[in-house]
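Please open the model in your viewer and keep the selection tool at hand. The stops below go one after another, each with something to select and a note on what is there.

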Amino acid sequence: MKPCILSTLAYLERDGKFLMLYRNKKPNDVNGGKWIGVGGKLEENESPTECMIREVREETGLTVTGYTFLGVITFVSDTWDNEEMFLYKCDSFEGELTEDCPEGELKWIPKEDIMNLSLWEGDRYFLKDICEGKERIMLKLSYHGDELVEVKRE
């Protein structure tokens, strides 16, 4: 059986904008050239929420003080390991945004401009849901290479 990665992804919201991360710093980054939220893989003995809070702090310098758990996105791929991603929206945080994110460039993007960014095709489905205020998002996204071939709502 293929390994399954457990990860988190958070979208920080402020003044009608989401904090987006343009992945452009790591060589051979599967997300290279794409805009995504902030997050990463769960560490040993870490809950999804603990991971999300840690990853937000590491990548942005901000400390999450309020969040909503939105659901789980399942990624199935013929190229990469499969992934279960716990999705969050954070509407309360404190601290100063870092100038030097190790993953790429951080930028506040107006919600209405999000879909114009270079995104994974599957991300467009849950980002649309988040922008519409949905708070229960369960998706299975299947990829052949970089091509999205199936979307199932659960």
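Begin by selecting α1, residues 48-60, a helix of 13 residues that reaches 18 Å from its first C-alpha to its last, close to the 18 Å expected at 1.5 Å a residue; the expected span is 1.5 Å times one less than the number of residues. Helices here are DSSP runs of H or I with at least four residues, strands are runs of E with at least two, and both are numbered from the N terminus. The model is a predicted one, in which local features need pLDDT of at least 70 and side-chain atom pairs count only at pLDDT 80 or more, while totals for chains, interfaces and linings use all residues. Residues are numbered from 1 along each chain as its sequence is written, and side-chain values use heavy atoms, with hydrogens and water left out.

Within α1, now show the side chains of Cys51, Met52, Arg54, Glu55, Val56, Glu59 and Thr60, which are buried (buried means under 20% relative accessible area, exposed over 50%, and partly exposed in between, with a 1.4 Å probe and protein chains only). The buried residues of this helix pack against β1, β2, β4, β5, β6 and β7 (104-110), where contact means heavy atoms within 4.5 Å.

Leaving aside neighbours within four places in sequence, glycine 61 is in contact with Val56, Glu96 and Thr98, and its C-alpha is 8.5 Å from that of cysteine 101, 40 residues apart in sequence.

Most residues other than glycine have a negative phi. Aspartate 15, in the loop between β1 and β2, has a positive phi near 55° and is exposed, with a relative accessible area of 70%. Asparagine 45, in the loop between β4 and α1, has a positive phi near 65° and is exposed at 75% relative accessible area.

From there, go to threonine 65 in strand β5, a partly exposed residue with a relative accessible area of 47%. Not counting residues up to four places away in sequence, threonine 65 touches Ser92, Phe93 and Glu94; the C-alpha atoms of threonine 65 and serine 92 are separated by 5.2 Å, although the two are 27 residues apart along the chain.

For the last stop, select Ser7, Val30, Asn31, Lys41 and Glu83, which, of the 31 residues that line the largest pocket, are the closest to its centre. The elements that give two or more residues to this lining include β1 (4-14), α1 (48-60) and α2 (123-131).

Notes. On a 1 Å grid over the protein atoms alone, a cavity is a set of points where a 1.4 Å probe fits but cannot get out, and a pocket is an open set with protein on both sides within 12 Å along at least five of seven lines; lining residues have an atom within 4 Å of a point.
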